[in-house]
Amino acid sequence: MTTYGVLVFDQVEELDFAGPWEVLATSALVRDRGDRVLLIGETGGEVRCAKGLRVRPDHAFGGHPPLDVLVVPGGAGARTTASANPVVTGWVAETSAAAEWTASVCTGAYLLHAAGPARGRRVATHRSWEDGLEARGEVTVVRDARYVVDGNLVTSQGVSAGIDMSLWLVGRLHGRDHARTVRERIQYEPAPPYLADEPLPPAADAA
């Protein structure tokens, strides 16, 4: 069984953790619930996310089982309060050291830098925050990849890139065919509107 722990904190960006959560939870279902995915917060109390969503973690820092994979999302809290909180950075450092994989989404790389696991490594983060992370030193920011793998650390660019990273990760753990099945289950086939200048076909009427 693979146990995934997804960190949440005040001002966490919603899709940064919900995107990976969906991929990892679907992966667990495909494996007949052979894996588990847990939301973990400092106290276990309610967390208010960056855009107002409220979530309640499954476990506090002191009460969760050992984690095989740690996922650290981004958001304003990752760059500020969480990175400045020694309880959070200490937990991230300790948990990452014991995990098989550590992953971050968006500015979760700031928190990994503050805690230590990203230092001396190649990482990705949201394009708007690349310069700021690089200025902190002891890190090589990769600017042209949706996600970056450096040893047992995998980091991704902003927000939706966490879905790509998570699909890669379940493929790394359980095989490419498994990852393809997960992608099909969540119907992840990116085709964003307005990407090109050509006019779009009319939308189908769902009524």
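**Working chat: sheet, helices and core**

Trainee: Which residues does S156 touch, apart from those up to four places away in sequence?

Mentor: In this predicted model, S156 touches S104, V105, C106, A124, T125, R146, Y147, A161, G162 and M165, once residues up to four places away in sequence are set aside.

Trainee: Which strand holds S156, and is the residue buried or exposed?

Mentor: S156 belongs to strand β11. Its relative accessibility is 0%, so the residue counts as buried, the cut-off being under 20%.

Trainee: What is the strand order of the open sheet?

Mentor: The order is β5-β2-β1-β6-β7-β11-β10, which makes seven strands with mixed pairing. At the edges are β5 (59-60) and β10 (147-150), and each of these pairs on one side only.

Trainee: In what sense do β2 and β5 pair?

Mentor: Strand β2, residues 36-41, pairs with β5 in the parallel sense, over two bridges. G41 has A60 of β5 opposite it.

Trainee: Turning to helices, which strands does α6 lie across?

Mentor: Helix α6, residues 161-174, lies across β1, β6, β7, β10 and β11 (153-156). Relative to β7 it runs at about 165 degrees.

Trainee: And which strands does α3 lie across?

Mentor: Helix α3, residues 86-98, lies across β1 (3-7), β2, β6 (69-72) and β7 (101-105). Its angle to β6 is about 145 degrees.

Trainee: Which members of the largest nonpolar core touch the most other members?

Mentor: They are L7, F17, W91, V92 and L111, in a core of 51 residues. In soluble globular proteins, nonpolar side chains tend to be buried together.

Trainee: What is W91 in contact with, leaving aside neighbours within four places in sequence?

Mentor: W91 is in contact with L7, I40, F61, H64, L67 and L70. Of these, L7 is also among the core residues that touch the most other members.

Trainee: What share of the residues is buried, and what is the accessible surface?

Mentor: Of the 207 residues, 49% count as buried. The accessible surface comes to about 10300 Å², with 49% of that belonging to carbon and sulfur atoms.

Trainee: What share of contacts with a separation of 6 or more joins residues 24 or more positions apart?

Mentor: That share is 63% in the protein chain.

How values were computed:
Residues are numbered from 1 along each chain as its sequence is written. This is a predicted model: local features need pLDDT of at least 70, side-chain atom pairs count only at pLDDT 80 or more; totals for chains, interfaces and linings use all residues. Side-chain values use heavy atoms; hydrogens and water are left out. Two strands pair if DSSP finds at least two bridges between them. Helices (H or I, at least four residues) and strands (E, at least two) are DSSP runs, numbered from the N terminus. Contact means heavy atoms within 4.5 Å. Axes are lines fitted to C-alpha atoms, for helices over the stretch in contact, and angles run from 0 to 180 degrees between N-to-C directions. A nonpolar core is a set of buried Ala, Val, Leu, Ile, Met, Phe, Trp, Tyr and Cys residues joined through side-chain atoms within 4.5 Å. Buried means under 20% relative accessible area, exposed over 50%, partly exposed in between (1.4 Å probe, protein chains only). Accessible areas come from the Shrake-Rupley method with a 1.4 Å probe; for residues, only the protein chains shown count as cover.
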